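User: I am new to this structure. Please take one part and look at it closely, then show me how the rest is laid out.

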Amino acid sequence: MNIVVCVKQVPDTEAPIRIRPDGSGIDESGLNLVMNYYDEHATEAGLRLKEQFGGSVTLIGVGPERTKEALRTGLAMGADEAILVSDVALLGSDHLGTARVLAAAIKTLPHDLIICGKLSTDDNAAIVGPALAELLGLPQATAIAQLEVDTSGGTVVVHREVEGGVEVLEVPLPALLTVERSLNEPRYPSLPGIMKAKRKEIKTMSLADLGVEVPSVGATAAKSALTRLVPPPKRQAGRMIEEDAEKAVAEIVAFLKNEAKVL
Amino acid sequence: MDAKEVSAPVAGGSFLISETAPGEVFTPEDLNEEQRLVGQTVRDFVEREIVPNLDRLEEKDWTLTRDLLRKLGELGFLGINVPAAYGGAELDQVTSLVVAEELSLGGFSVSYGTHIGIGIGPIAYFGTEAQKRKYLPKMVKGELIGAYALTEPTAGSDAMGIRTRAVLSPDRTHYLLSGTKQFISNAAFADVFNVFAKVDGDKHTCFIVERATAGFTVGDEEHKMGIRSSSTASLFLENAKVPVENVLGEIGQGHKVAFNILNVGRFKLAAGCVGAATHVIREAIGYAKERQQFGKPLAEFGLIKHKLAEMAIRTYVAESMVFRTGGLVEGTLQGLHGDPAESMRALEEYAVECAINKVYGSEVLGFAVDENVQIYGGYGFMEEYPAARAYRDARINRLFEGTNEINRLLTTGMLLRRAQRGRLDLIPAAMAVAREITEPSLSEPVDGPLAEERRLVNMVKKAALFTAGVAVQKYLDQIEHEQEVLAGIADLVIEAFAMESGLLRALRALQRDGAERAAIKIAMIRTYINDAIPRIDATARTVLAAVEEGDTLRTELAGLRRFLRYTPINTVAIRRKIADQLIAHGRYAN
Ligand SMILES: Cc1cc2nc3c(=O)[nH]c(=O)nc-3n(C[C@H](O)[C@H](O)[C@H](O)COP(=O)(O)OP(=O)(O)OC[C@H]3O[C@@H](n4cnc5c(N)ncnc54)[C@H](O)[C@@H]3O)c2cc1C
């Protein structure tokens, strides 16, 4: 089974995010950048399928040169190959632009299954996976929490957690899946894996290599633009009401009515 | 690490007598992509596998300890420095520092460190081919766990004074070991023990003793102040029958095994202390931001900022020393990691630096855990909060791998021995300083970035050399009886290495990343150096006053004053800036 996993590099969710003073983005200096957690689960899903059915896992990322570090993490987990599409013309791309580039790259690869994270923890958009499926004309299932392959029928059976129950879908291959974090527990890269990954070459491609027209991606093609990034409002200090129960209830009700105005 | 990533080899201890360029030192910022990924992986492992299990580990669930060790084995982390032929990863010493730094959470890190350091280490470094084949592959997988038994009830620091004896059996196939070992880490669950005993009454020798050996029993678990999730117990040997092929190294050469393994242990212990200090700083910052008094978070009070900044400054300095030493070792190895004997020789060259790091790292951690309790206030005294455990767990680091007293004595002792053997030109350097003190002006760097700090580091080295020179001249070979003087000199040497390592790291960052990105490192080292000078001055005066008196003393003190003259900077303002940055990041960062 030829599996392609899409990988994005994002700021470590542990690290506090500092927004640039002009609101144009986040201040990346000194920021620890890691593989998007959801993509770790996507990689794990790919590796398990490969272990079960043979084939290969190819990682693909779009972003600046440093994205290679996230790809390297996936190689250290056990992926066979990695490709980075990097081009200055990609600056300012929206999610659709990224999906177009991924689609162009994936078209050059044999693929039975494409696996993406449900979302990336930096901008929480959850757009790239579904857009990519559209662009490739593939069936898709999003936010899957369980995955089985029916080799005889050439389909995958997936579970999606929906309000009040589980939705079970059967999707014919080739297909695109986006994964939930509950799908699996990603393995740690092993020490030998890390050393093996070090020796693997990460192929870098430009838009020209892929035959992608510059105007179809990048800032010019973006259908949405970031106006400004603002930090969440500072939390107000809480107020303690230290009275006996009756008085306290009365005071809280008064607060909800008069100050919070929710009653 | 590849040969191209390392600097040229330099002699151990030479930092004291020569100038080092920022480009020549290894700093944490120089970690390559794989080393960073190794660090990230271990960090994730700790976060996911160890942190959620801390309470179970604290209750001495040895099955869990062994499971975790086996998992680390599956991932290759038990064989970092073991040759590939025995299932290891054959990696560089800087990578092992990274792992030691990340895997530094209380007792489990002692179980881990004992297994890979003093369990696997002696066999990997000194084992015969047959011994390595028999034990290493299983130890690297975590199927067999190792321990190390040197200490006895009557022989602790005096490790050569052990009483356990080994007698060859009449048929010459076995040694019969009798004696008691005490305070042995991993004792409760280890399978393989490196046990030291004396053959024929005086030949200090190491033996590999398997748990199932007849006549070998493990005593009850000790009730400890800290690292309670590690096992510590006595071993009883009553004519324990150990096959002759289990002699590790040569008969009569056990001290070599013991001392060389201690070097490695000190090297890594310091990294572990740095890691533990960064954990503590993170907890302290978190708590200081949460806890409100007088209507605002503790983190807004100047005195709390001072504590946070100082914890980070000292951790920064310790971390700079540890990785600088890693770089020195790698500079000697030049990319070769397949032969453990080579790594051991490289570490031996930097035995002084390893002892310095051990003392400094453990004391930085001691300071950090103490201030952490203080920041937690009364809650810091309560066992439900993490500060108390961190405080208890840290204390062991000043005791094992040679107490800090022993390591201070060793620092000066080894430097003097290197000088005697012509491996370090300490004597000419000390004489040059003694001459310089009478000259009208002192040679010192005056321009370039951090010129004043560079000048001060030079002067501190001179003060250390001068003081050591005066003491050696007075006591000659009787100096070993002057422990207070030796330890005082050690403190001067330690401070010199500390200041310089932090300074070179800041200068390197400045060159590479520019003033803005290097700002916190610069602020930290400026504060550190400013505060270190009076400490150094006081120590040097104590030593000089113990050695000389009258006019000679007065002349020497005047000379010292010339070396250590400085104008204080506004460290209050700088510390606030450092603390604000820490609070914004929510963790140790620089
Ligand atoms: C939790 C724990 C785990 C341990 N694990 C192991 C292990 O796995 N294997 C093992 O072999 N050992 C182990 N040890 C033993 C440890 O290495 C010794 O405790 C240590 O070397 C100190 O020896 P001691 O306790 O006998 O103290 P002592 O040697 O009695 O020292 C007491 C005090 O006197 C000082 N002192 C001693 N000699 C001198 C001197 N010449 N000059 C000046 N001051 C001196 C010391 O610095 C110390 O302050 C462990 C100890 C502990 C507590």
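Analyst: Val162(A) stands opposite Gly165(A), a residue of β9(A). The two strands here are β8 (residues 155–162) and β9 of chain A; they run antiparallel and are joined by eight bridges. Strands count as paired if DSSP finds at least two bridges between them. Helices (H or I, at least four residues) and strands (E, at least two) are DSSP runs, numbered from the N terminus. Together β8(A) and β9(A) make a hairpin, with two residues between them. In that turn, Gly164(A) has a positive phi of about 80 degrees.

How many of the eight residues of strand β9 of chain A are buried? The count is zero: β9 (residues 165–172) is hardly covered. Buried means that 20 or more other C-beta atoms lie within 10 Å of the residue's own; exposed means 12 or fewer, and partly exposed lies in between, with C-beta atoms placed from the backbone.

A word on the source. This is a predicted model: local features need pLDDT of at least 70 and side-chain atom pairs count only at pLDDT 80 or more, while totals for chains, interfaces and linings use all residues. Residues are numbered from 1 along each chain as its sequence is written, and chains are lettered from A and ligands numbered from 1 in the order in which they are written.

Now step back to the whole of chain A. It holds eight helices and eleven strands. Its C-alpha trace spans about 70 × 45 × 40 Å along the principal axes. Of its 263 residues, 37% are buried. Take the contacts between residues at least 6 apart in sequence: in chain A, 70% of them join residues at least 24 apart. A contact means C-beta atoms, placed from the backbone, within 7 Å.

Chain A meets chain B. There, 18 residues of chain B are in contact with 16 residues of chain A. On the chain B side, α1 (33–50) and α18 (571–585) are the elements that give two or more residues. α1(B) gives the most, eight residues. This side divides into nine nonpolar, five polar and four charged residues. Ala, Val, Leu, Ile, Met, Phe, Trp, Tyr, Cys and Pro count as nonpolar, Asp, Glu, Lys and Arg as charged, and the others, Gly among them, as polar.

Chain B itself has 18 helices and ten strands. Its radius of gyration is 24 Å, close to the 25 Å that the globule rule gives for 590 residues, so chain B is as compact as a globular protein of that length. The radius is taken over C-alpha atoms, and the rule is 2.2 Å times the number of residues to the power 0.38. Buried residues make up 55% of chain B.

Chain B is divided into domain 1 (3–144), domain 2 (148–252), domain 3 (255–405) and domain 4 (425–585). These bounds come from an automatic or database domain assignment. Nine residues of domain 1 of chain B are in contact with 16 residues of domain 4 of chain B.

Where does the ligand lie? Domain 2 and domain 3 of chain B both give residues to the shell around the ligand, so it lies between them. The shell has 19 residues; the closest are Gly156(B), Ser157(B), Ser185(B), Thr403(B) and Glu405(B). A residue is near the ligand if its C-beta atom, placed from the backbone, lies within 6 Å of it. β3(B) gives the largest share, three residues. The shell divides into nine nonpolar, eight polar and two charged residues.

Conventions:
Contact = placed C-beta atoms within 7 Å.
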